[in-house]
Amino acid sequence: MLKFTAEHEWLKIDGDVATVGITTHAAEQLGDLVFVELPAVGTSFSKGGDAATVESVKAASDVYAPLDGECLEVNQAIVDDPSLVNSDPQGAGWFFKMKLANKADADELLDEAAYKELVG
């Protein structure tokens with residue numbers, strides 16, 4: 001199941017674990033990424049709280065926790081090579097995996113059609 005936030009994060013949900021990244025739209029708006037800072041494994045997230053930071057040649061931006069939960073794993077590959085986020089933002093450029101505190105909360109997020117409508 002793929003879900004989206006209005007802040008341009010995507011979630012691929014498998015059971016009670018979500019893989020999280022930024023959308024293709026967000027990556028295009030940011031431009032070439034030069035730095036990615038990810039949360040530590042074990043970090044607790046509150047929906048809407050800061051989860052990661054990205055810097056591009058244009059600006060620095062926060063990546064927000066899409067739901068409440070805990071960080072299980074981070075993608076070290078994008079720290080080592082931030083351009084992976086630009087080349088494959090909804091694939092190899094994922095940011096972190098989180099255990100969802102309440103999987104049902106994902107029902108409140110946008111589906112792909114609603115997200116596409118949001119970004120026009």
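Helices here are DSSP runs of H or I with at least four residues, strands are E runs of at least two, and both are numbered from the N terminus. The model is predicted, so to speak of local features takes pLDDT of at least 70 and side-chain atom pairs count only at pLDDT 80 or more, while totals for chains, interfaces and linings use all residues. Residues are numbered from 1 along each chain as its sequence is written, and side-chain values use heavy atoms, leaving out hydrogens and water.

**View 1. N86 sits in helix α3, residues 83–87.** N86 counts as partly exposed because its relative accessibility is 25%; that label covers what falls between buried (under 20% relative accessible area) and exposed (over 50%), using a 1.4 Å probe and protein chains only. Leaving aside residues up to four places away in sequence, N86 touches A27, G31, D32 and L33, where contact means heavy atoms within 4.5 Å. Now look for K97: 11 residues separate it from N86 in sequence, and the two C-alpha atoms are 19 Å apart in space.

**View 2. Here is the largest nonpolar core, with 27 residues.** Such a core is a set of buried Ala, Val, Leu, Ile, Met, Phe, Trp, Tyr and Cys residues joined through side-chain atoms within 4.5 Å. I22, F95 and F96 touch the most other members. Two or more residues come from each of β2 (9–14), β3 (17–22), α1 (24–30), β4, β6 (50–56) and β9 (96–100). Beyond the residues up to four places away in sequence, I22 has a list of contacts that includes W10, L30, V63 and F95.

**View 3. H8 is in the loop between β1 (2–4) and β2.** I22 turns up again, as H8 is among the residues it touches. H8 isn't a glycine, yet it has a positive phi of about 75°. Most residues other than glycine have a negative phi. With a relative accessible area of 22%, H8 is partly exposed.

**View 4. G69 belongs to strand β8, residues 69–74.** This glycine counts as buried because its relative accessibility is 11%. Not counting residues up to four places away in sequence, G69 touches T43, S44, F45, M98, K99, L100 and A101. T53 is 16 residues from G69 in sequence, and 18 Å from it in space, C-alpha to C-alpha.

**View 5. Helix α4 spans residues 112–119.** At its start, a side-chain oxygen of D111 comes to within 3.3 Å of the backbone nitrogen of A113. Just after α4, G120 takes a positive phi of about 75°.

Note on methods
Polar contact = N/O pair within 3.5 Å; in protein donor to acceptor, adjacent residues only side chain to side chain.
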